[in-house]
Amino acid sequence: MEGGKLWQWGVFRSLLAILQWWGFNVTVIIMNKWIFQKLDFKFPLSVSCVHFICSSIGAYLVIKVLKLKPLIVVDTEDLWKRIFPMSFVFCINIVLGNVSLRYIPVSFMQTIKSFTPATTVVLQWLVWRKYFDWRIWASLVPIVGGILLTSITELSFNMFGFCAALFGCLATSTKTILAESLLHGYKFDSINTVYYMAPFATMILGVPALLLEGNGVMDWFHTHPSPSAALIIIFSSGVLAFCLNFSIFYVIHSTTAVTFNVAGNLKVAVAVLISWLIFRNPISSLNAVGCGITLVGCTFYGYIRHMLSQQLPGTPRTPRTPRTPRNKMELLPLVSNDKIDDKV
């Protein structure tokens with residue numbers, strides 16, 4: 001009886017963790033799109049800056065004041081040699097995501113974001129000469145095919161937004177790969193990651209945002225009919241962006257890797273559906289099919305990756321004799337910190 005109750009509580013806890021993760025993630029995406037489209041606040045750098053500031057304050061409160069998470073101490077030298085470069089890529093990743101959301105629909109942006117597994121594998125193969133099992137390459141085919149079909153049939157296609165989303169995938173992949181070497185020896189969770197990187201990202205983005213968007217923000221403030229209410233929404237999105245990071249920490253410790261992978265792809269489908277219900281952006285039937293193919297491909301990729309990671313050491317990847325790795329890079333995990341790459 002006790003075992004059954006523990007199992008039921010585990011299932012309930014996992015479901016609750018997934019639902020609150022979905023809620024924060026979808027809400028932040030919808031709010032950002034609402035800010036750009038409905039509030040006419042077309043300043044993605046400034047929105048990103050607000051998110052970084054709110055996340056910096058939130059992480060400080062959680063770690064230093066409330067002490068809900070222990071602080072992972074980082075050497076001063078490592079702060080500049082390791083954390084700062086990672087923060088730079090982290091900043092570019094978030095900014096490109098918001099820029100793409102400024103110009104293209106949520107459905108299209110989320111589908112392109114699903115291209116990240118492909119860019120990660122290709123970058124590791126081209127730059128680091130990392131070997132991958134043929135099943136990994138095969139699992140990328142539906143992802144690439146779905147992205148192509150979605151892009152060709154997108155009725156609200158914008159080249160600038162498309163490029164921003166695509167380069168955002170490259171930035172995410174670069175951040176994932178760099179984490180293998182730059183953060184070696186530090187076991188960061190999502191809260192400590194934000195604690196260290198968000199202040200650096202604010203420093204990096206603050207001056208460009210002020211120079212490129214400062215005058216526009218002031219003009220918007222003077223011409224908007226209700227700037228106070230709009231600012232509340234903008235800063236609320238920043239608070240929710242931090243809550244999203246906290247929810248990711250919770251869901252990581254409440255679910256398995258397979259459950260997280262499936263839930264992550266279903267989350268994209270939920271975001272697409274809710275954004276369509278709110279913004280009513282036109283979606284053709286072929287576009288929806290392309291999005292579905294991409295999500296199925298991502299789920300299949302996650303399954304193959306998990307299956308290969310569960311193989312015992314020395315288990316052949318194919319019926320042929322296993323090949324000895326050519327260098328140390330081939331011993332690295334396929335994807336690092338894949339559970340915390342969903343931050344907005």
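Reader: What should I know before I start?

Author: The model is predicted, so local features need pLDDT of at least 70 and side-chain atom pairs count only at pLDDT 80 or more, while totals for chains, interfaces and linings use all residues. Residues are numbered from 1 along each chain as its sequence is written, and side-chain values use heavy atoms, with hydrogens and water left out.

Reader: How is a pair of aromatic rings described, and how many aromatic pairs does the structure hold?

Author: The distance of the centres and the angle of the planes describe a pair of aromatic rings. Rings of Phe, Tyr and Trp (its six-membered ring) pair if their centres lie within 6.5 Å; planes under 30 degrees apart count as stacked, over 60 as edge-to-face and the rest as tilted. The structure holds 14 aromatic pairs. In one of them, tryptophan 34 and phenylalanine 279 have ring centres 6.3 Å apart and planes at 50°, so this pair is tilted. The pair links distant parts of the chain, with tryptophan 34 in helix H1 (residues 2-37) and phenylalanine 279 in helix H10 (residues 257-279), 245 residues apart. Helices here are DSSP runs (H or I, at least four residues), numbered from the N terminus.

Reader: Where does a charge sit over a ring?

Author: The test is that NZ of Lys or CZ of Arg is within 6 Å of the ring centre and within 35 degrees of the ring normal. The charged end of lysine 38 sits over the ring of tryptophan 34, 5.9 Å from its centre. Arginine 280 lies over the face of tryptophan 276, at 4.5 Å from the ring centre.

Reader: Which residues touch the most other members of the largest nonpolar core?

Author: A nonpolar core is a set of buried Ala, Val, Leu, Ile, Met, Phe, Trp, Tyr and Cys residues joined through side-chain atoms within 4.5 Å. The largest has 35 residues, and those touching the most other members include Phe52, Phe188 and Tyr196. Helix H8 (190-223) is among the elements giving two or more residues to this core, and H8 supplies its largest share, 10 residues.

Terms used: Buried < 20%, exposed > 50% of the residue type's maximum accessible area, 1.4 Å probe, protein only.
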